[in-house]
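Biologist: I have a new structure to get to know. Can you walk me through it?

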Amino acid sequence: MELTIFILRLAIYILAFPMYLLNFLGLWSWMCKKWFPYFLVRLSVMYNEQMASKKRELFSNLQEFAGPSGKLSLLEVGCGTGTNFKFYPPGCRVTCIDPNPNFEKFLIKSIAENRHLQFERFVVAAGENMHQVADGSVDVVVCTLVLCSVENQEQILREVCRVLRPVKKKMSSDNQWSADEDESQLSRLIRKSRDSPFVPIGIAGFVAVVSYGLYKLKYRRDQKMSLHLIHMRVAAQGFVVGAVTLGVLYSMYKDHVRPRFFNESKR
């Protein structure tokens, strides 16, 4: 077992060695910034196909946040190649921020394809330090697929709050939030169990195998206790691994196989 782990680690080190070498020479960051936009512009097409309906739903009420002039001022942090542009309302004034300057030419192309928008400017900066954007100068801040890769999530959220224009809106009694309306722990557990049904199955199977093994402990006769516990552990772990494997296969089918065949049949 130790030999297998050593061989796998050695293989990973060999595969990762070129990246370590490029990083040591100071070329890795430059190459990523240079070539990542070309990769992302291809990935964005597939991403928008999968997320189009969800994005239309999320961005459907953006115009409601427009300022006194009636025009919506929007800041997109981590804009990338302008994947979200097609979902913004007409007349929206868009300012983009991204630490990678190589996205600019792709943004210009996206703006040319989305004539309903008014492009303000492209700022090369990290989301944690948007000092080029004035306080309270934008109506909406959009940030998608970014917070997972930033260095300081708290700082970027503070910057977002700083650049947002304060909105004085009196809430009616019908719109006031109530703690009773929040999702309960039981409801959240049921929803997550429906989304990933094999997780509770794996947990239940693990508990059932362990309980049965402990129950049979006194009926093991001449079998050693250590051997009995090993068999019980292997059976319990095997059930969990099997459930996780089935869950992964089910998720792949639900996310990739079923939508493709459904779309083809729909056409």
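The chat below goes from the overall fold to one strand and its partners.

Biologist: What kind of model is this?
Modeller: It is a predicted model.

Biologist: How many helices and strands does the protein have?
Modeller: There are 7 helices and 4 strands. Along the sequence they follow the pattern α-α-β-β-α-β-β-α-α-α-α.

Biologist: What share of the residues is buried?
Modeller: Of the 267 residues in the protein, 25% are buried. The protein exposes about 19700 Å². Carbon and sulfur atoms supply 62% of that area.

Biologist: And contacts? Of those between residues at least 6 apart in sequence, what percentage joins residues at least 24 apart?
Modeller: That comes to 69%.

Biologist: Which residues sit on which face of β1?
Modeller: Ser-73, Leu-75 and Val-77 are on one side. Leu-74 and Glu-76 are on the other. Both faces are covered.

Biologist: How many bridges join β1 to β2?
Modeller: 5 bridges, and the two strands run parallel. β2 covers residues 93-98.

Biologist: Which residue in β2 stands opposite Ser-73?
Modeller: Arg-93.

Biologist: What about β4: in which sense does β1 pair with β4?
Modeller: In the parallel sense, over 3 bridges. β4 is residues 140-142.

Biologist: Back to Glu-76, then. Which residue of β4 stands opposite Glu-76?
Modeller: Val-142. Glu-76 is also one of the buried residues of β1.

Notes
Residues are numbered from 1 along each chain as its sequence is written. This is a predicted model: local features need pLDDT of at least 70, side-chain atom pairs count only at pLDDT 80 or more; totals for chains, interfaces and linings use all residues. Side-chain values use heavy atoms; hydrogens and water are left out. Buried means under 20% relative accessible area, exposed over 50%, partly exposed in between (1.4 Å probe, protein chains only). Contact means heavy atoms within 4.5 Å. Accessible areas come from the Shrake-Rupley method with a 1.4 Å probe; for residues, only the protein chains shown count as cover. Two strands pair if DSSP finds at least two bridges between them.
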